[in-house]
Amino acid sequence: METLSENRCFGGTQGVYSHPSKVCGVDMTFGLFLPEEAEHAPVPVLWFLSGLTCTHENAMTKAGAQVWAAEHGVALCFSDTSPRGEGVADDDAYDLGQGAGFYIDATEEPWAKNFKMWSHIADELPAVLGANFAVDMERQSITGHSMGGHGALTMAMALPGRFRSVSAFAPICNPTQSDWGRKQFAAYWGDEKNWGPHDATLLMQGDGFDGPMLIDTGTDDQFWDLLGTEAFASAMTSRRQQGQLRLQKGYDHSYFFISTFIEDHIAFHAEALYS
């Protein structure tokens, strides 16, 4: 593992690191904020999965999350959204290829060689964190934005017992019925019969999530028709899922929206992580 940068931040450290990924076949970069408490004992970790076109850097620099993570003594891990670099498959469209990994493991060419973001986030990167940093991998929670909200919700429900809480900002929550989902699943997985259980609405209709859930979506989100919020809300209600789905009046899909409500989300996760 290589340290790319480390900066003092709200009493803790905001670092950026790179490590060789066996599953993705390239070096992968991630950001990790460690609060001051990590100097004395391992701290719980909150994963932040970003959206289309983002790298580890977007949420790390725009969400304003570190001040609240420092207040609650929680580490923040900002992963990348896809493998990158020379030789990694890509597409001219912004919503396919590099920056658009959708947190799944591709099986179709040319994507199968490198696009293994599910395995990277679910297995490989947690092992890197546990081996190199003062984080308590028995206390994990997860959040994300847009495509990353899709990843957070699906990982929380598909990996029972892994995360103590889950939240999302404007998540893509019914991708099998959206152009943000069907296009990528067809490219990465081929025929629809091969699509795995990576739709939050379908997972909610099944076992749901055994823990608290918080979702915020803006009423003026410019991508509302692509998110599937109504389908997921219906599934939550039918399942009697513990949690809140809040529609925030006048907010859009931007990081201004995220930074407005990130304090709520980190406090929500801290309560679960320290309970």
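Modeller: A quick word before we start: a helix here is a DSSP run of H or I with at least four residues, and helices are numbered from the N terminus. Also keep in mind that this is a predicted model.

Colleague: Okay, then let's start with glutamine 66. Which helix does it lie in?

Modeller: Look at the run covering residues 66-72. Glutamine 66 belongs to that run, and the run is helix 2.

Colleague: Is glutamine 66 buried or exposed?

Modeller: Anything under 20% relative accessible area is called buried. Glutamine 66 has 7% relative accessibility, so it counts as buried.

Colleague: Which residue's backbone oxygen does the side chain of glutamine 66 reach?

Modeller: Away from its sequence neighbours within four places, glutamine 66 contacts several residues, including Cys9, Phe33 and Phe78. Met60 is on that list too. The side chain gets to 2.8 Å from a backbone oxygen, and that oxygen belongs to methionine 60.

Colleague: What about alanine 65: which residues does it touch, not counting those up to four places away in sequence?

Modeller: Alanine 65 is in the loop between helix 1 and helix 2. It's buried, with a relative accessible area of 1%. Setting aside those sequence neighbours, alanine 65 touches Leu76, Ile262 and Ile266.

Colleague: Where does helix 9 kink?

Modeller: Helix 9 spans residues 255-273, and its kink is about 50°. Its buried residues include Phe257, Ile258, Phe261 and Ile262. The kink is centred on phenylalanine 261.

Colleague: Over to helix 3. At which residue does it bend?

Modeller: The bend in helix 3 is about 35°. A proline, proline 126, follows within four residues of the bend. The bend itself sits at glutamate 124.

Colleague: Which helix do the buried residues of helix 3 pack against?

Modeller: Trp118, Ile121, Leu125 and Val128 are among the buried residues of helix 3. The buried residues there pack against strand 2, strand 3, strand 4, strand 5 and strand 6. The helix they pack against is helix 4.

Colleague: At roughly what angle do the axes of helix 3 and helix 4 cross?

Modeller: In this pair, Met117, Trp118, Ile121 and Ala122 in helix 3 meet Thr154, Met155 and Ala158 in helix 4. The two axes come within 12 Å of each other and cross at roughly 60°. That makes helix 3 oblique to helix 4. To repeat the angle, the axes cross at roughly 60°.

Colleague: Is that crossing of helix 3 and helix 4 left-handed or right-handed?

Modeller: A crossing is right-handed if the near helix is turned clockwise from the far one by less than a right angle, and left-handed if anticlockwise. For helix 3 and helix 4, the crossing is right-handed.

Colleague: Which residues does a cis peptide bond join?

Modeller: Go to the loop between strand 5 and helix 3, where you'll find proline 110. Omega is about 0° at the cis bond, which joins glutamate 109 and proline 110.

Colleague: What is the phi of serine 146?

Modeller: Serine 146 is in the loop between strand 6 and helix 4, and at 3% relative accessibility it counts as buried. It isn't a glycine, yet its phi is positive, at about 60°.

Colleague: And is arginine 240 buried or exposed?

Modeller: Arginine 240 also has a positive phi without being glycine, near 55°. Its loop runs between helix 8 and strand 9. Over 50% relative accessible area means exposed. Arginine 240 has 78%, so it is exposed.

Colleague: Last one: how far apart in space are alanine 233 and leucine 245, C-alpha to C-alpha?

Modeller: Alanine 233 lies in helix 8 and counts as partly exposed at 27% relative accessibility. It is 12 residues from leucine 245 in sequence, and in space their C-alpha atoms are separated by 7.2 Å.

Methods. Residues numbered from 1 in each chain as written. Predicted model: local features only at pLDDT ≥ 70, side-chain atom pairs only at ≥ 80, totals over all residues. Heavy atoms only, no water. Bend = angle between axes of the 7 residues up to and from the residue. Helix = DSSP H or I, 4+ residues; strand = E, 2+ residues; numbered from the N terminus. Buried < 20%, exposed > 50% of the residue type's maximum accessible area, 1.4 Å probe, protein only. Polar contact = N/O pair within 3.5 Å; in protein donor to acceptor, adjacent residues only side chain to side chain. Contact = heavy atoms within 4.5 Å. Axes fitted to C-alpha atoms, helices over the stretch in contact; angles between N-to-C directions. Parallel < 35°, antiparallel > 145°, perpendicular 65-115°, else oblique.
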